[in-house]
Amino acid sequence: MFFSRKLPKFKYNENPVGNGIIVKESGKCPVCGKKTDYVYKGPFYSAEEAEDICPWCIADGSAAKKFNGEFQDYDSCEEVDNEDYTDELVRRTPGYCGWQKEQWLSHCGDYCSFVGNVGWKELEMMGLVQELREDLEKYGLNETGRREHLVKGGSLQGYLFKCVVCGKHRLAVDSNLEFTGLPDANTSTPQTGYAGGFRLENFFDAPVENPTWEQVEKHIKNMMEVGKEHVLLSLKEPHKGIRFIQAVSVDDGYDVQLGIEKNGGTNLVSRVCSTQELFELFSKFYNYADVDGAERFTPVEISRKTYTGGEGKPPIWIQPIIETGKMYDLDFFHFTDMLDWSKQGNDEAVLDPLVSFLSTYGDNVIFAFEDKMTELLYALDTYDIAKHLIEDWGYISSDGFLYARCMALVNGKSYYTAILKGKKKLSKDMEFESLLYVPRNAWCRLHHERDDNYPHKTELSYETFSNKKGWENTPRDIGG
Ligand SMILES: [Zn+2]
Ligand SMILES: [Zn+2]
């Protein structure tokens, strides 16, 4: 038997039980180890998986601390300039469950409190339509004929928030992949001259139907400025086989891809282009009805090979790496997604799926992996990123800093970017030295060789202090 405790209150999440984020269910909390009659079912971002966390370990911060995890992604929270508030939201507040990455809204200089999932019907019943006018407008939901698509639990869903200071409500909206736009053309406002309906979206925003070119342009610029990684413009009906165009930011520009429907599947035709070219390509695609022809895309098709999938072939995204011996940042994080964290504590076992995968596709892939890993570690080799570790340690440990940087590479791209931009700090208690030996181990496995015969030399070095520019502003007494 155990006593039922009073559930903790959360400043930024009013009703986690009512919203099904905390569920009445027996479990054993992985943090305090106690039996609990309430368990958490919302998002938790950590290297190690943690299920059935109890609400009390969320509220006192021990869950976040134990797993070095977060309930919210900083990158998808609206800005609030108060570290204590951010800490409470990110590390001591249950999240909520959206279709895509959950956004957290703010008002009056503080984060809002999450109220619940809503559709248009709920908003009308609560009499909030007028109050939410601005937010609704942002998602194009202020027009008759569109708003009915906003349904609680539906493909297009609202997330209601309330300001903890002034009580004003705010709304976030997102959609799942099944939401492909408005079924009835009469309710939308098609652009004259365009054959199909467009929709514009990226990873974080809800789709915009039939966006004007100005909106598309604004979106692309926004993507560049705030570091959004992906923009997608898709057609309701394929035109000359083209279904969509999308751009993903890569380190040397944008990887622009055309989705062409063929034999029931979608083939990607892509190439990397500059900012200027990206604008031109999007504008051509957007105006295709004017030029009436996919031949406008010829430059895309001839400038880079089309890779196709199929039985016995490597995955499409691996094929250019095999051919060119180069990979993008995004590819690298595809690889690190393969780590098996259920084996945590045994680095070799955690890394095994990755080593095994790399050794399947040959030297080019292995060396490209090492080059990219080195480059990403090199970028983190700066005094600014090391500063708080040096303060903690009381000195600078070159190896310690290198191994801590490795940890930033194995938690996904948004984690890495947050560390790089100084939005998150490296932990001195977490390190992942074993990552460094992945390329060698994969090569040895492939060739049945000893690792002193490993032939590849990277251009950059990941060793601490290699990035001269990163250590330029080091105070004198630290040396280095
Ligand atoms: Zn607990
Ligand atoms: Zn307010």
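## Overview

A residue counts as buried when its relative accessible area is under 20%. By that rule, 49% of the 480 residues of the protein are buried. The model described here is a predicted one.

The protein contains 17 helices and 14 strands. Its accessible surface comes to about 23800 Å², and carbon and sulfur atoms hold 47% of that area. Among contacts in the protein with a separation of 6 or more, 61% are between residues 24 or more positions apart.

## The nonpolar cores

The largest nonpolar core is made of 53 residues. Those with the most contacts inside this core are F335, L358, F369, M373, L409, F432 and L435. At least two residues of the core come from each of α11, α12 (347–360), α13, α14, α15 (398–409), α16 (413–420) and α17 (438–447). Helix α13 gives the largest share, nine residues.

L358 shows how such a residue is surrounded. Leaving out residues up to four places away in sequence, L358 touches F335, V365, I366, F369, V438 and A442. There is also a second, separate core, which has 45 residues, including Y96, L123, L132 and F161.

## Aromatic pairs

Across the whole structure, a search finds 24 aromatic pairs. One of them is formed by F332 and F369, whose rings are stacked, with 4.9 Å from centre to centre and 25 degrees between the planes. F332 belongs to helix α11 (residues 329–336) and F369 to helix α13 (residues 363–380), so this pair ties together parts that are 37 residues apart in sequence. The relative accessible area of F332 is 0%, so F332 is buried. F369 is likewise buried, with a value of 0%.

Both residues also belong to a cluster of rings. Ring pairs join F332 and F369 with F333, F335, F357, Y361 and Y416 in this cluster.

## Charges over rings

Two cases of a charged side chain over an aromatic ring are described here. The charged end of K11 sits over the ring of Y85, at 4.1 Å from the ring centre. In the other case, the charged end of R405 sits over the ring of F401, and the distance to the ring centre is 4.7 Å.

K424 is found in the loop between α16 and α17. Its relative accessibility is 11%, so K424 counts as buried. Apart from neighbours within four places in sequence, K424 is in contact with E70, Y74, Y415, A418 and I419.

D392 lies in helix α14 (residues 383–393). With a relative accessible area of 48%, D392 is partly exposed. Its C-alpha atom is 7.9 Å in space from that of K428, while D392 and K428 are 36 residues apart in sequence. T474 is placed in the segment after α17. The relative accessible area of T474 is 19%, and the cut-off for buried is under 20%, so T474 counts as buried. A polar atom of the T474 side chain lies 2.4 Å from the backbone oxygen of W471.

Terms used. Residues numbered from 1 in each chain as written. Chains lettered and ligands numbered in written order. Predicted model: local features only at pLDDT ≥ 70, side-chain atom pairs only at ≥ 80, totals over all residues. Heavy atoms only, no water. Phe/Tyr/Trp six-rings, centres within 6.5 Å; stacked < 30°, edge-to-face > 60°. Helix = DSSP H or I, 4+ residues; strand = E, 2+ residues; numbered from the N terminus. Buried < 20%, exposed > 50% of the residue type's maximum accessible area, 1.4 Å probe, protein only. Lys NZ or Arg CZ within 6 Å of the ring centre and 35° of its normal. Contact = heavy atoms within 4.5 Å. Areas by Shrake-Rupley, 256 points an atom, 1.4 Å probe, with all protein chains shown as cover. Core = buried A, V, L, I, M, F, W, Y, C linked by side-chain atoms within 4.5 Å. Polar contact = N/O pair within 3.5 Å; in protein donor to acceptor, adjacent residues only side chain to side chain.
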